[in-house]
Amino acid sequence: MIEIGIKHTSQIAVTEEMTAMKIGSGDLPVLATPMMLALMENAAMLAVQDVLEDGQTTVGGYIEASHLKPSKIGAVVHAVAEVTKIEGKKIAYRIAAYCGDTLLGEGTHVRFIVDLERFMAKL
């Protein structure tokens, strides 16, 4: 059962493949904003994965976040997602990314619980 307060932390070490320059979202060799957002989404997905019913998963529906500080290649970045609200199949999260104790970005995220087979059948 999904409950308010459930948290998960996901972590990466920044590689060249994750830089703004490499993925095309900028021209500097720092962690790309889309990669930081993906890490935040990963933490949110994993926060509830173990309490979903068989055949269910979550999909992202909304994300709003700041990206406040850069991270260099080799830096270890972790994202924390915490469930803040549940409305039926809609789950809201507070998300944040850090390098050590330094806040890199923060925001909100919404995911929806879906039946995996039905979701994929709609493609």
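Helix H2 (residues 33–49) lies across E1, E2, E3, strand E4 (90–99) and strand E5 (102–115), running at about 50 degrees to E3. This is a predicted model, where local features need pLDDT of at least 70 and side-chain atom pairs count only at pLDDT 80 or more, while totals for chains, interfaces and linings use all residues. Numbering starts from 1 along each chain as its sequence is written, and side-chain values use heavy atoms, with hydrogens and water left out.

A few ground rules before the details. Helices (H or I, at least four residues) and strands (E, at least two) are DSSP runs, numbered from the N terminus. Axes are lines fitted to C-alpha atoms, for helices over the stretch in contact, and angles run from 0 to 180 degrees between N-to-C directions.

- Which residues of H2 are buried? They are Met 36, Leu 39, Met 40, Ala 43, Ala 44, Ala 47 and Val 48. These residues cover an arc of only 160 degrees around the axis, which puts them on the same side of H2.
- Buried means under 20% relative accessible area, exposed means over 50%, and partly exposed is in between (1.4 Å probe, protein chains only). The arc is that of the directions from the helix axis to the C-beta atoms.
- The buried residues of H2 pack against E1, E2, E3, E4 and E5. Contact means heavy atoms within 4.5 Å.

**The sheet itself**

- Five strands make an open sheet in the order E1-E3-E4-E5-E2, with antiparallel pairing. The edges are strand E1 (7–13) and strand E2 (56–65), each of which pairs on one side only. From one strand to the next, the twist averages 30 degrees.
- Two strands pair if DSSP finds at least two bridges between them.
- E1 pairs with strand E3 (residues 76–87) in the antiparallel sense over seven bridges. In this part of the sheet, Thr 9 stands opposite Val 80 in E3.
- E3 and E4 run antiparallel and are joined by nine bridges, and Val 83 stands opposite Tyr 93 in E4.
- E4 and E5 also run antiparallel, joined by 10 bridges. The bridge partner of Ile 91 in E5 is Arg 111.
- In a regular strand the side chains alternate between the two faces of the sheet.

**Two hairpin turns**

- E3 and E4 form a hairpin with two residues between them, and Gly 88 in the turn has a positive phi of about 65 degrees.
- The hairpin of E4 and E5 has two residues between the strands, and Gly 100 takes a positive phi near 65 degrees there.

**Polar contacts to Arg 111**

- What does the side chain of His 109 make a polar contact with? The partner is the side chain of Arg 111, at 3.2 Å. A polar contact is a pair of N or O atoms within 3.5 Å; within protein, one must be able to donate a hydrogen and the other to accept it, and residues adjacent in sequence count only if both atoms are side-chain atoms.
- His 109 lies in strand E5 and is buried, with a relative accessible area of 1%. Leaving aside neighbours within four places in sequence, its contacts include Glu 41, Ala 44, Tyr 62 and Tyr 93.
- Thr 58 is in strand E2, and its side chain makes a polar contact with the side chain of Arg 111 at 2.8 Å.
- Thr 58 is buried too, with a relative accessible area of 5%. Not counting residues up to four places away in sequence, Thr 58 touches residues including Met 45, Val 48, Leu 52 and Phe 112.

**Towards the chain ends**

- Met 1 sits in the segment before E1 and counts as exposed, at 73% relative accessibility. Not counting residues up to four places away in sequence, Met 1 touches Ile 6 and Val 51.
- Phe 119 lies in helix H3 (residues 116–121) and is partly exposed, at 34% relative accessibility. Leaving aside neighbours within four places in sequence, Phe 119 is in contact with Val 59 and Val 114.
- Phe 119 and Gln 56 are 63 residues apart in sequence and 9.6 Å apart in space, C-alpha to C-alpha.
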